[in-house]
Amino acid sequence: MESMRAGMLISAFFQGFHHMHLIIKKSFLLISIFYLSFAALAEVKSDQTPERLIERAVTQLSDAKEKELQSRELIVDANKIRKQLKEIRSATQKKTNFVEVNKSESEISTLVKKLEGNQQQGAVLRAQSKQLKQSASKNFEEGFSLLWRDWVSNRAPLTMDDGVVSYFAHNAKIRSVHKNMLNKMGTPSDEVGTKREDMSLKIPALIQQNAPPDLNINSFKFSRKEKYFAHIEVHSNDKGESEYQSKNVSAVPLNKIHQWRLVVSDLSGKPATNVPFEIEGHMPGHVHGLPTDPRVTKEISPGVYLVEGVKFQMKGWWVIKFIFPKTEDDVAQPDFFTFNLVL
């Protein structure tokens with residue numbers, strides 16, 4: 001009897017021990033899962049820091065340049081092949097020997113296949129380079145916006161104020177066009193009432209021109225030589241607060257002088273300071289530039305420039321350039337930023 005009780009106690013002990021072991025094992029498993037999830041989340045979070053985003057963007061930009069260079073080398077090689085083909089074909093026409101003609105045709109066939117291969121490979125490399133540059137721009141924009149959160153308040157492309165109802169062209173309130181041009185000028189989507197006292201015709205003349213469908217109107221851009229990164233947005237001061245505490249909107253007013261803010265960094269994310277930018281602007285579809293002479297008047301903060309005197313007298317596609325001063329390293333032209341606006 002005593003032995004049976006002892007056996008039952010021992011069995012109960014081992015069952016309890018086994019149960020406790022399972023509990024500890026499950027607890028350890030849950031803790032491990034929690035730890036791994038936390039570590040993975042921390043890794044993802046650290047991967048989205050401004051520094052990591054910018055570092056990734058620079059790597060992508062470097063890879064894009066390498067693929068672009070390889071594509072150009074293929075183009076150069078393809079041009080050499082075309083020249084060879086032209087020479088061989090010209091020489092073949094003068095040959096009468098059947099064997100030599102066949103040899104030339106075989107050589108031509110080999111070169112044509114090589115040419116086609118170069119063209120296909122070049123097209124793939126160009127597409128990859130373009131995709132990498134787009135990814136680099138997106139990553140740099142994310143990192144840049146985090147680093148410059150005090151100055152980047154509006155990341156959307158600049159557009160015309162929706163409240164604009166007037167139709168100005170070259171600052172002229174009264175305009176007319178030849179009757180033959182009524183169907184060729186203006187914007188069909190713009191509804192103009194018949195009782196407008198400031199218009200001589202129902203059709204707004206020279207209001208707008210068509211922008212390319214794939215036009216990049218992003219307010220973030222790499223410089224032409226891909227050495228710098230910049231952002232533009234409308235700048236206005238709030239009364240009663242610090243001098244440059246800003247209230248930002250994407251809307252650009254029509255026929256009204258206003259301010260912009262230009263934020264510039266190098267490819268490490270550090271501010272580009274003390275740059276005397278020159279500003280140019282024009283409408284690609286028209287033969288005129290800006291009605292004013294906008295200028296950088298102050299560096300509000302390192303790398304943050306106040307642009308004053310900005311004015312647009314017309315709706316449409318505008319191109320604004322911020323040009324660096326020319327240096328000894330600039331063989332042809334200095335570096336610059338180009339921003340496209342469809343107002």
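This is a predicted model: local features need pLDDT of at least 70, side-chain atom pairs count only at pLDDT 80 or more; totals for chains, interfaces and linings use all residues.

Of its 343 residues, 36% count as buried.

**Overall fold**

- Read from the N terminus, the elements follow the order α-α-α-β-β-β-β-β-β-β-β-β-β.
- Taking the contacts between residues at least 6 apart in sequence, 72% of them join residues that are at least 24 apart.

**The largest pocket**

- The largest pocket has a volume of about 790 Å³, and its lining is made up of 21 residues, with Lys133, Gln134, Asn216, Lys221 and Glu226 lying nearest the centre.
- Two or more lining residues come from each of α2 (50-92), α3 (98-147), β2 (220-222) and β10 (336-342), and the largest share, seven residues, is supplied by α3.
- By residue class, the lining of this pocket divides into nine charged, seven polar and five nonpolar residues.
- Because domain 1 (50-148) and domain 2 (154-164 + 205-342) both contribute residues to the lining, the largest pocket lies between these two domains.

**Nonpolar cores**

- The largest nonpolar core has 29 residues, and those with the most contacts inside it are Trp260, Leu262, Val264, Phe277, Phe312, Phe322 and Leu341.
- At least two residues of this core are supplied by each of the strands β3 (228-235), β5 (258-266), β8 (304-310), β9 (317-323) and β10.
- Phe312, which is one of the residues with the most contacts inside the largest core, touches a number of partners beyond its neighbours within four places in sequence; among them are Val252, Pro253, Leu254, His258, Trp260, Leu290, Trp318, Ile320 and Leu341.
- The contacts of Phe312 also include Asn255 and Leu343, again with the neighbours within four places in sequence left aside.

- Pro157 is located in the loop between α3 and β1 (159-160).
- With a relative accessible area of 29%, Pro157 counts as partly exposed, since that class covers values between the 20% limit for buried and the 50% limit for exposed.
- The C-alpha atoms of Pro157 and Ser219 are 5.1 Å apart in space, although the two residues are 62 residues apart in sequence.

How values were computed
Residues are numbered from 1 along each chain as its sequence is written. Side-chain values use heavy atoms; hydrogens and water are left out. On a 1 Å grid over the protein atoms alone, a cavity is a set of points where a 1.4 Å probe fits but cannot get out, and a pocket is an open set with protein on both sides within 12 Å along at least five of seven lines; lining residues have an atom within 4 Å of a point. Grid points are joined across faces, edges and corners, and a volume is the space filled by probe spheres set on the points. Helices (H or I, at least four residues) and strands (E, at least two) are DSSP runs, numbered from the N terminus. Ala, Val, Leu, Ile, Met, Phe, Trp, Tyr, Cys and Pro count as nonpolar, Asp, Glu, Lys and Arg as charged, and the others, Gly among them, as polar. Domain bounds come from an automatic or database domain assignment. A nonpolar core is a set of buried Ala, Val, Leu, Ile, Met, Phe, Trp, Tyr and Cys residues joined through side-chain atoms within 4.5 Å. Buried means under 20% relative accessible area, exposed over 50%, partly exposed in between (1.4 Å probe, protein chains only). Contact means heavy atoms within 4.5 Å.
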